[in-house]
Amino acid sequence: MTQIHFWDAGAPGYRWMQLTEQLAISKGLATPLQTRALSLVAAAIYDATIAAWDSKYTYNRRHPAEIDSSVSAAVTASASPSYPSEHAVTAAAAAAVLDYLFPDQAATVNGMADQAGWSRIMAGVAFPSDVIGGMDLGNQVGQAVIAYASADGSGQPFTGSFPAAPGVWSSTTPVAPLAGTWHPWVLTAGNQFRPAAPPAFASNDANTQYAADKNLQRTNATNHLAWFWQPGFFQPWLQQIETDIFQNHQDSNAPRAARAYVLETIAQHDATLACWDAKYTYLELRPPQADTTIIPLFALPQHPGYPSGHACASGAAAAVMSYLYPADALSLQSMAADAGNSTFDALIHTQLDVNVGLSLGAQVGQQVVTRAQGDGSN
């Protein structure tokens with residue numbers, strides 16, 4: 001019963017997105033690799049779910065209790081046909097991609113996938129063949145996503161350097177310097193919406209930006225905002241998409257839930273690639289690097305300042321989620337602004353970094369919305 005109820009919680013992809021989040025954090029992935037992992041798993045779950053629905057309504061198989069009234073179900077069966085099992089197809093698709101991303105976790109992940117599928121049989125809401133068919137279908141989709149991932153350019157080695165020079169960002173340990181060249185999901189390339197260059201170092205405009213950081217009056221509110229978002233932007237947004245799925249009763253609608261996960265994570269990944277393209281094009285100093293009297297709240301990330309990664313990804317997430325959940329649009333836009341401004345409050349970005357990041361993210365998010373509007377779901 002513990003296994004049954006664990007895997008019955010939320011939409012079929014709920015536990016798998018949680019697991020992806022946990023692995024991305026525990027493995028210390030760089031930000032572009034974090035968003036890549038989440039979007040790949042979400043894409044596998046979404047495509048596998050859509051493929052499962054094609055089979056479900058082709059064969060229209062009834063659930064066990066609908067055929068034999070003596071079968072006692074421990075949970076409520078889905079409102080879709082029984083074959084193939086959406087939990088099994090989701091588990092196999094997610095597990096295949098997670099095996100590729102985190103090969104040292106394969107035994108654990110595959111054990112969880114088996115448990116997720118067979119929990120539906122133990123619950124009395126699926127036949128063994130529902131699970132076996134779902135596992136086979138999910139694995140096929142997962143392998144297709146792995147083939148896509150293997151060609152996205154993220155494996156190319158970096159052989160350059162960023163030596164110290166006046167007015168130019170430098171680091172001996174740059175984070176994902178080639179991420180802006182990776183192949184995005186929806187954008188034509190990472191530079192599709194590349195913003196204009198920031199003000200030149202030592203110019204009046206640049207000095208004005210850094211002066212605003214220097215003059216920030218820290219308060220409990222600014223410190224709280226900075227520390228809340230410091231661990232990363234994708235965790236609060238994943239929690240928010242899960243909340244919206246639940247509040248809109250999509251946890252019992254696997255295709256809708258999978259679509260929400262994939263649109264949000266793809267928007268964040270493409271926005272991150274667009275952000276990294278601009279970062280490593282302009283090599284803007286962060287405020288404490290431009291003025292050593294500016295003391296950041298925590299250590300500086302090892303990538304350039306312009307624009308803010310939190311702002312880029314959050315602007316994209318807010319744009320997509322406002323499309324999915326229009327009644328929440330104002331609060332989502334406010335959440336994006338908080339995420340971006342938290343990096344100013346921490347004094348690791350200028351306000352221009354934040355504003356441009358939010359704008360860039362919104363552009364990317366709108367591209368994803370445009371794609372979503374043509375996917376046939378409406």
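In the predicted model, the side chain of Asp-277 forms a polar contact with the side chain of Arg-194, at a distance of 2.8 Å. Asp-277 belongs to helix H11, which comprises residues 254-282. Its relative accessibility is 9%, and Asp-277 therefore counts as buried, the cut-off being under 20%. Apart from residues up to four places away in sequence, Asp-277 touches Gly-180, Gly-190, Asn-191 and Arg-194.

A polar atom of the Asp-130 side chain lies 2.8 Å from the backbone nitrogen of Phe-127. When residues up to four places away in sequence are not counted, the residues touched by Asp-130 are Arg-61, Ser-82, Tyr-83, Pro-84 and Ser-85.

Ser-85, one of the residues in contact with Asp-130, also caps the N-terminal end of helix H5. In this cap, a side-chain oxygen of Ser-85 lies 3.3 Å from the backbone nitrogen of His-87. Helix H5 runs over residues 86-101 and has 16 residues. From its first C-alpha to its last, H5 reaches 22 Å, close to the 22 Å expected at 1.5 Å a residue. The helix is mostly covered, with 15 of its 16 residues buried.

Packing of two helices is described by the angle between their axes and the distance between the axes. For helix H13 (residues 309-324) and helix H14 (residues 329-345), the axes come within 8 Å and cross at roughly 175°. Because angles over 145 degrees count as roughly antiparallel, H13 and H14 are roughly antiparallel to each other. On the H13 side, the contact is made by His-310, Ala-311, Ser-314, Gly-315, Ala-318, Ala-319, Met-321 and Ser-322. On the H14 side, the contributing residues are Ala-329, Leu-332, Gln-333, Ala-336, Ala-339, Gly-340, Ser-342 and Thr-343. The residues of this contact divide into eight nonpolar and eight polar, with no charged residue among them.

Terms used: Residues numbered from 1 in each chain as written. Predicted model: local features only at pLDDT ≥ 70, side-chain atom pairs only at ≥ 80, totals over all residues. Heavy atoms only, no water. Polar contact = N/O pair within 3.5 Å; in protein donor to acceptor, adjacent residues only side chain to side chain. Contact = heavy atoms within 4.5 Å. Helix = DSSP H or I, 4+ residues; strand = E, 2+ residues; numbered from the N terminus. Buried < 20%, exposed > 50% of the residue type's maximum accessible area, 1.4 Å probe, protein only. Expected span 1.5 Å × (residues − 1). Axes fitted to C-alpha atoms, helices over the stretch in contact; angles between N-to-C directions. Parallel < 35°, antiparallel > 145°, perpendicular 65-115°, else oblique. Nonpolar A, V, L, I, M, F, W, Y, C, P; charged D, E, K, R; others polar.
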